[in-house]
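Subject: Structure handover

Dear colleague,

Please find the sequence and the structure below. My notes on what was found follow directly after.

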Amino acid sequence: MAGERGSMKIILGITGGIAAYKAAELVRLFVKRGCEVEVVMTDAATRFITPLTMQTLSGRPVRLAQWDDMAHIDLSRGSAAILVAPATADFIAKIAQGHASDLLSSLCLARDCSLFLVPAMNRQMWDNPATRRNLAQILEDGVHVVGPLEGVQACGETGMGRMAEPDEIASAVLSALSPKILSGKKFLVTAGPTLEAIDPVRVITNLSSGKMGYAVAQAALDSGAQVILVSGPTCLPPPVGVKFVPVASAREMRDAVMANVGGSDVFVGVAAVADYRVANPSSSKIKKGGTLKLELEPNPDILQEVASMENPPFCVGFAAETGNLEENARLKMKRKNVPMLVGNLAQDALGRDESEIVIFSSGAAKQLPRAAKTKLAAQLIEEIARAIS
Ligand SMILES: Cc1cc2nc3c(=O)[nH]c(=O)nc-3n(C[C@H](O)[C@H](O)[C@H](O)COP(=O)(O)O)c2cc1C
């Protein structure tokens, strides 16, 4: 079953289709989001991708045979889900019929957790009446099906049957497994750095990667919220399911936030918004030579502006400090009049996959030990859900 959020165990079954190579990326995504992944491969799957690759990425031995131990029953105990990706036409037929002819199908038949199948096959296999019948049967039996997609297939044909992309699969599975504690709530989240033009080719920016903001947006989505993500430039793909609003400068971010904040229940300002911008950016490239002096003027304070609206959403600010965390965070909370503020040490957090945060709310300070930002984001979302309930 799903244990503590962000540490659930997923059994990833791989069957013998061309799309098996995408399972490698899938393991990486689940591990990145704090899950333990146990890989089970059919004999045919090992013809397409090696158990060694899957073992290396999951950090655990890959299960192949059903005769070694009681794995055909025991393996799914304590697991949140079995996910079979790709699921061949042959494997879907087995599940529809209740076969237990290899380790993976036995595990599926003897499971006490959710089962997700991700079909991937040639379009004619997908359209075949036998596959249609089998699919209708597994849906009736309560199996979750993710995809397939329409598009160009490995065989060169175009049609329905392409496997869903790994990020969509991971989101669909983790979202379906998360308790919907924020169902019906609307979140507006900002993330990433801002860019302040010096001239047409140069900018002032900062080291924010956007990882924490994207993790907060993802955790809110997983908990059932509708999420708008306003983001400065990052290298991250937006979480599947958010309304994504890309911006560059602090003023663009401010305008995007004010245009989208109406109707929001929660505003989480994770973005590292530049405090200053260049007063007179040059319209042509500044030539080299001599000393260059830039005059800076203050940018709008987005969090403060949202918090001082007539009916503000529940506002959560972020403070990246280089020292005196509690003192600076409390001052910022008071100055901006926000009910919750997340403090972290900039040197420990910027650009990294992990961080250590303190959640300050009226009177209380909750220290969350060093962990993946995805895990911290899920814990923060739980705190926010408690505060607004
Ligand atoms: C090159 C090749 C590619 C294949 N690709 C697929 C596929 O994408 N989807 C599918 O359903 N079957 C595909 N098959 C057929 C399966 O590999 C075959 O049905 C196999 O018995 C499935 O075994 P499994 O479901 O136990 O893994 C392919 C076969 C070959 C030889």
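With 13 C-beta neighbours inside 10 Å, Asn-337 falls in the partly exposed class, because that class lies between the limit for exposed residues, 12 or fewer, and the limit for buried ones, 20 or more. Please keep in mind that this is a predicted model. Asn-337 sits in the loop between helix 12 (325-336) and strand 17 (340-345). Its phi is near 55°, a positive value in a residue other than glycine. Most residues other than glycine have a negative phi, and most peptide bonds are trans.

The bond from Ala-85 to Pro-86 is cis, with omega near -5°, and Pro-86 belongs to strand 3 (residues 81-87). The bond from Gly-147 to Pro-148 is also cis, with omega near 0°. Pro-148 lies in the loop between strand 5 (144-145) and strand 6 (149-152).

Strand 6 continues into a hairpin with strand 7 (residues 158-162). The two strands pair in the antiparallel sense over four bridges, and five residues separate them. Gly-151 has Gly-159 of strand 7 as its bridge partner. In the turn, Gly-156 has a positive phi of about 95°.

Eight strands make up an open sheet with mixed pairing, in the order 12-11-8-13-16-17-18-19. Strand 12 (243-246) and strand 19 (364-372) are the edge strands, each pairing on one side only. On average, neighbouring strands of this sheet are turned by 15° against each other, direction ignored. At one end of the order, strand 18 (residues 354-361) and strand 19 run antiparallel and are joined by seven bridges. Ser-361 stands opposite Ala-364 of strand 19.

Two helices lie across strands of this sheet. Helix 9 lies across strand 8 (186-191), strand 11 (226-231), strand 13 (266-269) and strand 18, and runs at about 165° to strand 8. Helix 12 lies across strand 16 (314-321), strand 17, strand 18 and strand 19, at about 145° to strand 16.

The largest nonpolar core here has 56 residues, and the members that touch the most others are Val-189, Val-216, Ala-217, Ala-220, Val-227 and Ala-377. Helix 9 (residues 211-222) contributes the most to this core, with eight residues. A second, separate core has 55 residues, among them Phe-30, Met-41, Val-62 and Ala-120. Leaving aside residues up to four places away in sequence, Val-227 touches Phe-187, Val-189, Ala-217, Ala-220, Leu-221 and Val-242.

Finally, the ligand. Of the 15 residues around it, Thr-15, Gly-16, Gly-17, Ala-44 and Thr-88 come nearest. Helix 4 (residues 89-97) gives the most to this shell, with three residues. Sorted by class, the shell has nine nonpolar, five polar and one charged residues.

Regards

Technical notes
Residues are numbered from 1 along each chain as its sequence is written. This is a predicted model: local features need pLDDT of at least 70, side-chain atom pairs count only at pLDDT 80 or more; totals for chains, interfaces and linings use all residues. A nonpolar core is a set of buried Ala, Val, Leu, Ile, Met, Phe, Trp, Tyr and Cys residues joined through C-beta atoms within 7 Å. Two residues are in contact if their C-beta atoms, placed from the backbone, lie within 7 Å. A residue is near a molecule or strand if its C-beta atom, placed from the backbone, lies within 6 Å of it. Ala, Val, Leu, Ile, Met, Phe, Trp, Tyr, Cys and Pro count as nonpolar, Asp, Glu, Lys and Arg as charged, and the others, Gly among them, as polar. Two strands pair if DSSP finds at least two bridges between them. Axes are lines fitted to C-alpha atoms, for helices over the stretch in contact, and angles run from 0 to 180 degrees between N-to-C directions.
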